[in-house]
Structure formats: structure tokens, C-alpha cells
Amino acid sequence: MRRAFLSLLALSAVAAVGAASPAQARDYPFCLKAREYLAPLGDCSYTSYAQCQASASGRYAYCDVNPFYKYEEPPQRRTYKKKVRRTRD
């Protein structure tokens, strides 16, 4: 009985480890910088500047742009050269 219980426990542990997926890493555009953060970037977990400012309120901290955040540029509009027809006089 004890063997069956231990084998069931080991099987469920392996299944739980295999089912767990890693957290999706995402860069955020704004960072909270303060003395308490040892990293030079600070806490880069804010999606808006207002959200970062609300977290910095009342502390010796400030918000800055994340230099490693990749902003998606809007697609450039293609310009076409107008073809000019030359007529013979």
C-alpha cells in the first residue's frame, strides 16, 4: 500500500512539473527608479507613465523610460513616384 502511494505521489509530481509553463517575460515601457533598487534600471513593470507615477508617489523615487523596451513603429506609408508620360510634339 505504501509503495502504491509513493509511486502515485511521484507520478503526480512529474506530471505537475511537466504541466507548469514558465512565466512569459515582457518588457514594459516605464521603470520606477529609487535608492532601494540595486539594479540600474529599477522596477520596469509599468505599462503607463501615470501608473508608474502613482507607485512613486510618497517615496524617494521617479519614473523613467525603459531603454530596452522595443517600441513598435507604425508601418511606413509607401510613396510611389508618379509616372510621367511624354508625348511627342
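Here is a short tour of the disulfides, one stop at a time.

Before you start: this is a predicted model, where local features need pLDDT of at least 70, side-chain atom pairs count only at pLDDT 80 or more, and totals for chains, interfaces and linings use all residues. Residues are numbered from 1 along each chain as its sequence is written, and side-chain values use heavy atoms, with hydrogens and water left out.

How many disulfides does the structure hold? There are two, where a disulfide is a pair of cysteine sulfur atoms within 2.5 Å.

**Stop one.** Select Cys31 and Cys44: their sulfur atoms sit 1.9 Å apart in a disulfide. Check the torsion about the S-S bond, which is about 100°, so this disulfide is right-handed. Now colour by secondary structure (DSSP runs numbered from the N terminus: helices are H or I with at least four residues, strands are E with at least two). Cys31 is in strand S1 (residues 30-34) and Cys44 in strand S2 (residues 43-46), so to speak distant parts of the chain, 13 residues apart.

**Stop two.** Move on to Cys52 and Cys63, a disulfide with sulfur atoms 2.1 Å apart. The torsion about the S-S bond is -105° here, and the link is left-handed. Cys52 lies in helix H2 (residues 49-56) and Cys63 in strand S3 (residues 61-65), so the pair ties together parts eleven residues apart in sequence. Cys52 and Cys63 are buried as well.

**Last look.** Select the bonded cysteines together and count along the chain: the pattern is 1-2, 3-4.

Technical notes
Buried means under 20% relative accessible area, exposed over 50%, partly exposed in between (1.4 Å probe, protein chains only).
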